Amino acid sequence: MTEAPRSQFLSLHVLETLVAVLPVRDENGSPKSLVYGGVERHMITSQSRRRAERVHARDRANAGVGALAGRSTGLRTREWALITAKSLEEDHGWDREEAVTTARAVIEAVGLKFGDLGKKTVANLTKVLLFAPADTGTRIAAHVHEHAEELRTWRDDYLRAQEENGKKKAGRKGARKADQAPEPEEADGAAKADLPPLAKQHRDAVLFAIAPRDAIDIALYGRFLAEIADSPNVDGAVQSGHAFTVHEAEQVDDFYAAADDAKLHRKRNALDFLDSADDAGAGMTGYQSLISGTFYRHAVLDRAQLHTNLRATGMTEAEAAGTAVAAEQEFVNAFVEAFPEAKKNSTASTGSLPALVLAFEGARPYNYAAAFQLPVDENPVGPEGEGRAGEGGEGPAGPASVRRLLRHHAFVSERRPDLTAARVLTYDPQIDAVLKKLAAAGETDVTAVTLIEELTP
């Protein structure tokens, strides 16, 4: 029997209740927020969630666990020159200083910009994060070592020209400072033109090393690299929305006092009252903001884009089809399981489990944020039922948001026949009771599952 073709988009929706956490902060260390439905809501940005999901999937694959066990993954860093140099040093016996200088020159010559040579902390770091396969550094190092004689000659010429250009630039700056004349716009371009180019075979080898290749997480989440025109960007197959509370923001500024162990030791062993008094008080005090609430978050997997990305790596049709299924399974697992690690030791936030996961397929993405435009009213339910106008609220946000989400989905499903294979997973017995009640009343038509693997067909 032939399987029915799967829809292009897999939509995932999660409701999760978090208590006294701070998974993401703004530049002032405060919780991030947005205004929606006329009230402030707490927000967990999609960037923090996506990184948590990507790292979760990568760590499982590297550990030989899950659907992507043993497959290639990516690494996002500014340290590719240092990683390449480490491989040159450890795998090929190069001197450390020469390895760093050569790796930086070779990578810079293909178009990536580095920090100021005069600043040791950033001199060997690219100015932008580069998301590339994890073995990029070892591949570049192997090529450099194989062509060491030729590349050493080129490197010396490159560094000499770079030093001369630096002197010219410094001279122009000094003259400009003396007479305040503006520097010509083409000056930097002229200086760069003096640098000896990297031979095509070496440039191609570096470009191949940093190309997305078969790194599955790059195929899933995509990458953008504007610095090198002939290095391919990847349109990600995953679309993620910011998570937000379904009710008005609830925040507490928690005052804390940290003990100074040495001070307390002296106090316990003080010989007289005055010595003890000198060691009074906490070692350090301060405030931290913590948030609580039920959050709605949403993501979509574009199966067609994922398949396209995998085929672009050189996989056959059959290989891409099999890998796409494995990547989808691992993406769903990461979406449910992963959590940003900020403040994890002081809040135990990473132990949170979703109250509800709703997954379904469709011909387009479906975002159900509109179900929570009117914030959940957590006042007790009125005598005539759930949240009737003027008679009471909707009760606790967890069960109330589940009722809203599933009723919203049922309403949309009646008008969008492309929605199929709706499944729900809960880790909360209270929510399980809500699901059974809604099903008995005929208000929802979803299949309850007990394992993450069952969320996607």
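Biologist: Taking Ala, Val, Leu, Ile, Met, Phe, Trp, Tyr, Cys and Pro as nonpolar, Asp, Glu, Lys and Arg as charged, and the others, Gly among them, as polar, how do the residues lining the largest cavity divide?

Modeller: In this predicted model, the lining of the largest cavity has 6 nonpolar residues, 1 polar and 3 charged.

Biologist: Which residues are those?

Modeller: The lining of the largest cavity consists of Arg54, Ala57, Arg58, Ala61, Leu68, Thr73, Ile216, Asp217, Leu220 and Tyr221. Helix 1 and helix 8 are the elements that give two or more residues to this lining.

Biologist: What lines the second largest cavity?

Modeller: Its lining is formed by Arg49, Glu53, Ser240, Gly241, Ala243, Arg297, His298, Ala299 and Phe335.

Biologist: Turning to pockets, which residues lie nearest the centre of the second largest pocket?

Modeller: Gln47, Arg50, Arg51, Arg54 and Arg76 lie nearest the centre of that pocket, among 29 lining residues. The second largest pocket contains about 690 Å³ of space.

Biologist: Which element supplies the largest share of that lining?

Modeller: Helix 1 does, with 8 residues. Helix 1 spans 46-62, and strand 5 (130-133) also supplies at least two lining residues. The lining of the second largest pocket comprises 15 nonpolar, 6 polar and 8 charged residues.

Biologist: On another topic, which residues of helix 11 are buried?

Modeller: Within helix 11, residues 303-312, the buried ones are Arg303, Leu306, Asn309 and Leu310. They lie on the same side of helix 11 because they cover an arc of only 125° around the axis.

Biologist: What covers these buried residues?

Modeller: The cover includes strand 1 (9-21), helix 8 (216-221), strand 9 (284-302), helix 12 (317-337) and strand 10 (356-362).

Biologist: And which residue caps the N-terminal end of helix 11?

Modeller: Asp302 is the cap, with a side-chain oxygen 3.1 Å from the backbone nitrogen of Ala304.

Note on methods: Residues numbered from 1 in each chain as written. Predicted model: local features only at pLDDT ≥ 70, side-chain atom pairs only at ≥ 80, totals over all residues. Heavy atoms only, no water. 1 Å grid on protein atoms, 1.4 Å probe; cavity = no way out; pocket = protein on both sides within 12 Å on 5 of 7 lines; lining within 4 Å. Points joined across faces, edges and corners; volume = space filled by probe spheres on them. Helix = DSSP H or I, 4+ residues; strand = E, 2+ residues; numbered from the N terminus. Nonpolar A, V, L, I, M, F, W, Y, C, P; charged D, E, K, R; others polar. Buried < 20%, exposed > 50% of the residue type's maximum accessible area, 1.4 Å probe, protein only. Arc of directions from axis to C-beta. Contact = heavy atoms within 4.5 Å. Polar contact = N/O pair within 3.5 Å; in protein donor to acceptor, adjacent residues only side chain to side chain.
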